[in-house]
Every structure is written in C-alpha cells, then in structure tokens.
Amino acid sequence: MSLVQLNRVDIIFSGSLTFIKSKDLQSTDIDSDDSMLLFTITQDTPAGHLQFVKGGNSELISSKGPIKTFLQSDINSGYIQFVHQSGEMTGVVLFKFDVEDSEGNKLIDQDFFITIIGIQIPGLLCLSNFCII
C-alpha cells in the first residue's frame with residue numbers, strides 16, 4: 001500500500017512556473033519500487049496546469065487526458081511542472097490525485113495545494129521562487 005510522505009504546499013508567483021520536486025511530493029511503498037508508483041490526476045486545478053517536460057517538449061497533464069498519469073520517477077527526474085498564466089486566479093488552488101503501486105493497490109483522493117501570489121509590477125518576470133526586473 002502506498003503512502004504519500006511529502007505533500008507540501010508549494011508557493012509560486014502569478015504568471016510563473018515551478019517544477020514539482022520530490023521534496024514537495026513523494027510517495028513510498030514498503031513492497032514496491034517507489035520510483036514506479038503511478039500518480040493519476042483526478043481533479044485539475046481551477047487555475048494553472050500541470051505538464052510533463054522533457055527534452056524541450058511539454059505535454060499537458062490533466063484529469064481530462066490524454067495524459068492523466070506520471071510516475072514518482074518523473075517527479076524525481078524533474079519532469080513535472082506547474083504553470084500559471086498571468087490573469088488566472090490567484091490564492092490557494094489544488095489538484096487531486098490517486099497513487100497506485102504495481103500490484104494495483106491505490107491510495108485515493110489525495111490533495112496537493114499550491115499558493116499563487118499575485119504580483120502586479122510592470123516588467124517583472126517571476127520564475128518559481130525568484131523574480132527578474
């Protein structure tokens with residue numbers, strides 16, 4: 001049975017992006033390879049979106065598909081990104097997910113919260129936790 005060990009609130013600036021790291025979201029399983037635990041998005045955030053980024057290409061991850069899942073190894077490798085567009089709502093948003101091991105055991109209805117801080121300074125570019133003027 002999977003256990004979500006780390007599921008911390010991530011804080012980003014409006015109109016920015018951040019990679020979700022294993023220090024933010026990590027699941028473990030006592031009888032399965034942790035890197036192969038499968039996350040399935042069951043509810044999208046009302047603002048922003050998740051995407052899989054590898055080799056300069058990005059693919060939307062959404063409960064509506066076509067890509068709904070990613071592995072713990074994808075998080076560990078830095079392939080999972082949250083993107084927020086300027087003009088979208090700010091505040092606390094969440095996405096919901098299930099985690100499944102290779103034997104089909106599921107931990108359902110888990111939450112990952114993201115706090116989006118609105119910034120209204122012309123010419124300010126914010127990426128993850130830093131800004132450039």
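Is Lys64 exposed or buried, judged by relative accessibility? With a relative accessibility of 68%, Lys64 counts as exposed, where exposed means over 50% relative accessible area, buried means under 20%, and partly exposed lies in between, as computed with a 1.4 Å probe on protein chains only. The structure is a predicted model, in which local features need pLDDT of at least 70 and side-chain atom pairs count only at pLDDT 80 or more, while totals for chains, interfaces and linings use all residues. Residues are numbered from 1 along each chain as its sequence is written, and side-chain values use heavy atoms, with hydrogens and water left out.

A search of the whole structure for salt bridges finds four, a salt bridge being a side-chain nitrogen of Lys or Arg within 4 Å of a carboxyl oxygen of Asp or Glu. One of these involves Lys64, whose side chain meets that of Asp44 in a salt bridge with an N to O distance of 3.3 Å. Lys64 lies in the loop between strand E7 (57-61) and strand E8 (69-71), whereas Asp44 lies in the loop between strand E5 (38-43) and strand E6 (49-54), so the pair ties together parts that are 20 residues apart in sequence. Strands (E, at least two residues) and helices (H or I, at least four residues) are DSSP runs, numbered from the N terminus. The side chains of Lys64 and Asp44 also make a polar contact at 3.3 Å, a term that denotes a pair of N or O atoms within 3.5 Å; within protein, one atom must be able to donate a hydrogen and the other to accept it, and residues adjacent in sequence count only if both atoms are side-chain atoms. The C-alpha atom of Lys64 is separated by 8.5 Å from that of Thr42, a residue 22 positions away along the chain.

A further salt bridge joins the side chains of Asp109 and Lys96, again with an N to O distance of 3.3 Å. This pair links distant parts of the chain, with Asp109 in strand E11 (residues 106-117) and Lys96 in strand E10 (residues 91-100), 13 residues apart. Asp109 is partly exposed, with a relative accessible area of 48%, whereas Lys96 is buried at 18%. Together with Asp111, Lys96 and Asp109 are linked in a network of salt bridges.

The side chains of Lys23 and Asp24 likewise meet in a salt bridge, for which the N to O distance is 3.3 Å. Within this pair, Lys23 counts as partly exposed at 45% relative accessibility, while Asp24 is buried, with a relative accessible area of 3%.
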